[in-house]
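Subject: Structure for you to look at

Hello,

The structure is pasted in here, and my notes on it follow. Please read them with the model open.

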Amino acid sequence: MDKIIVTGGNRLEGTVQVEGAKNSVLPVIAASIMASEGKSTLDQVPTLADVDTISEVLRYMNVNVLREDGKLHIDASNTLKTETPFEYVRKMRASVLVLGPLLARYGHAKVAMPGGCAIGSRPIDQHLKGFEAMGAEIHVGNGYVEAFAPGKLQGARIYLDFPSVGATENIIMAAALAEGTSVIENCAREPEIVDLANYINQMGGKVIGAGTETIRIEGVPTLHGVEHTIIPDRIEAGTFMIAAALTGGDVVVNGAIPGHLRSLIAKMKEMGIRIEEYDDAVRVTAREKLKPVDIKTLPYPGFPTDLQSQFMTLTMKAEGTSVITETVFENRFMHVEEFRRMNATAKIEGRSAIVNGPVELQGAEVAATDLRAAAALIIAGLVAEGRTEVTELKHLDRGYVNFEEKLRSLGATIERVTDEVEEPTTTTDKLAKSS
Ligand SMILES: CC(=O)N[C@H]1[C@@H](OP(=O)(O)OP(=O)(O)OC[C@H]2O[C@@H](n3ccc(=O)[nH]c3=O)[C@H](O)[C@@H]2O)O[C@H](CO)[C@@H](O)[C@@H]1O
Ligand SMILES: C=C(OP(=O)(O)O)C(=O)O
């Protein structure tokens with residue numbers, strides 16, 4: 001079992017480069033299934049476990065996927081299987097993003113129903129409501145969701161009860177090859193939605209208004225492969241910005257697009273952190289004592305839930321009380337228990353965590369409970385007294401490329417070690433191991 005060991009006390013200094021966005025590349029790869037002609041080449045594809053998983057999903061469906069020098073070549077011109085089994089969906093919920101593209105291209109899709117996960121129950125009712133509005137028949141049973149649209153999907157007007165990122169993406173993709181025009185109201189406005197829409201438009205689609213609350217999609221008969229560069233990962237960028245400030249450091253984060261990080265920048269400035277903005281970089285310097293702030297997670301352009309746990313580390317260093325309210329996922333405070341092991345005293349009241357700072361964090365053995373909690377615990381270790389060991393790194397590897405190496409290059413004392421499982425030497429041991 002791998003673990004990351006951090007010894008606290010070093011200021012971060014230097015320059016760090018962010019990768020292509022996980023939350024962009026996953027829907028873009030799913031959308032590639034809709035290209036019945038030509039190959040797609042995606043640039044700035046991060047080497048993440050989630051990218052491997054969605055690539056495996058596509059290969060299972062008979063799509064050719066080849067990774068070469070940070071690029072992904074995708075050829076979906078074969079006849080495809082229209083099913084995705086549980087083994088992939090279990091590893092990564094974003095596997096459900098193949099539903100819309102398959103349904104649009106083949107009039108059929110069967111995908112294992114994603115279960116709940118550590119951060120919440122995460123239903124997909126809004127995705128299915130969109131497909132139904134376009135004329136699809138949906139069956140849910142035996143752990144699968146199956147959608148049929150004999151003939152073609154028909155353009156429809158769909159109002160989302162909540163601006164769900166995944167539902168917006170799945171419905172845009174389904175509508176891209178539907179007959180007629182679809183309108184999605186109260187849709188998600190994340191930069192990753194805009195990236196997906198730009199990709200589909202390059203493929204020959206007509207998606208208008210991405211980045212606003214209403215998106216119109218005029219269905220086209222076919223889409224073709226194209227070249228596309230994935231936008232930088234604003235959550236990875238934000239994680240390094242927070243880590244820099246937490247350690248009282250001075251770091252340039254290359255690939256941080258300030259326009260994608262407005263809410264984080266505003267809140268960090270309120271805390272007394274200095275941020276210089278460039279076209280696609282920010283410099284973070286924090287020399288002053290940090291002031292407490294309140295944050296509330298919201299759909300974009302509100303404060304991202306994917307930065308909530310990392311931001312909590314900053315409030316622990318601030319002098320006074322900060323209130324962190326999570327409104328997007330109903331169970332995204334599991335990291336608080338782990339922070340307590342590091343001497344933090346955050347109190348949870350309903351959907352809010354109340355943090356009284358400053359906290360003298362102490363190194364401890366902690367386990368990552370989800371992807372962003374993994375990053376948060378590691379950066380907390382940067383300012384904890386002594387040694388912090390973080391396990392359950394499978395979560396980290398879903399969303400961060402070379403996280404510990406990047407932190408080390410900025411001056412952190414951090415390493416990743418693999419606990420070797422001892423090989424049995426005696427026959428009795430061997431029998432015991434094989435049982
Ligand atoms: C791969 C990817 O892009 N993941 C991101 C995406 O997840 P994801 O697309 O799953 O997130 P959603 O925006 O759909 O979910 C937000 C909330 O809406 C609820 N909901 C969603 C769909 C639905 O049909 N019914 C429903 O009730 C969810 O349970 C959750 O409470 O957006 C989240 C919110 O910014 C981020 O944390 C994830 O990193
Ligand atoms: C919750 C996240 O991702 P996913 O939707 O892929 O689980 C995340 O990136 O923090």
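**Helix α4 and its surroundings**

The buried residues of α4 pack against α1, β3 (35–37), β8 (108–112), α5, β10 (144–148) and α6. Helices here are DSSP runs of H or I with at least four residues, strands are runs of E with at least two, and both are numbered from the N terminus. Packing is judged by contact, meaning that the C-beta atoms of two residues, placed from the backbone, lie within 7 Å. A residue is buried if 20 or more other C-beta atoms lie within 10 Å of its own, exposed if 12 or fewer, and partly exposed in between, again with C-beta atoms placed from the backbone. By that count, seven of the eight residues of α4 (residues 99–106) are buried. They are L99, G100, P101, L102, L103, A104 and R105. Just after the helix, G107 has a positive phi of about 70°.

**How to read the model**

This is a predicted model, in which local features need pLDDT of at least 70, side-chain atom pairs count only at pLDDT 80 or more, and totals for chains, interfaces and linings use all residues. Residues are numbered from 1 along each chain as its sequence is written, while chains are lettered from A and ligands numbered from 1 in the order in which they are written.

**Domains**

The chain is assigned domain 1 (2–19 + 232–418) and domain 2 (22–229), with bounds that come from an automatic or database domain assignment. Taken over C-alpha atoms, the centres of domain 1 and domain 2 are 31 Å apart. Their contact takes 18 residues from domain 1 and 14 residues from domain 2. On the domain 1 side, helix α13 (residues 394–399) gives the largest share, three residues. That side of domain 1 consists of six nonpolar, four polar and eight charged residues. For these classes, Ala, Val, Leu, Ile, Met, Phe, Trp, Tyr, Cys and Pro count as nonpolar, Asp, Glu, Lys and Arg as charged, and the others, Gly among them, as polar.

**Ligands**

Ligand 1 is surrounded by 20 residues, of which N23, Q126, S164, V165 and G166 are the closest. A residue is near a molecule or strand if its C-beta atom, placed from the backbone, lies within 6 Å of it. At least two residues of the shell come from each of α1 (22–32), α5 (125–133) and α6 (165–176). Domain 1 and domain 2 each supply at least three residues of the shell around ligand 1. By class, this shell has ten nonpolar, seven polar and three charged residues.

Ligand 2 has R93, A94, D306, L371, R372 and G399 around it. Two of these residues are nonpolar, one is polar and three are charged.

**Nonpolar cores**

In soluble globular proteins, nonpolar side chains tend to be buried together. A nonpolar core is here a set of buried Ala, Val, Leu, Ile, Met, Phe, Trp, Tyr and Cys residues joined through C-beta atoms within 7 Å. The largest has 72 residues, and M241, A245, V253, V284 and A374 have the most contacts inside it. Helix α12 (residues 371–382) brings the largest share of this core, ten residues. Setting aside neighbours within four places in sequence, A245 is in contact with M268, I273, V284, A286 and L314. A second, separate core of 70 residues includes A21, A35, A174 and V207.

**Strands**

Strands β5 (residues 64–68) and β6 (residues 71–75) run antiparallel and are joined by five bridges. Two strands pair if DSSP finds at least two bridges between them. N64 stands opposite D75 in β6. The hairpin has two residues between the strands, and D69 in it takes a positive phi near 45°.

Strand β11 (residues 157–159) pairs with β12 in the parallel sense over three bridges. Y159 has E185 in β12 as its bridge partner.

R262 lies in helix α9 (residues 262–270). R262 counts as partly exposed because it has 13 C-beta neighbours inside 10 Å.

K289 is in the loop between β19 (281–285) and β20 (295–296). With 13 C-beta neighbours inside 10 Å, K289 also counts as partly exposed. Beyond neighbours within four places in sequence, K289 is in contact with G272 and E319.

Regards
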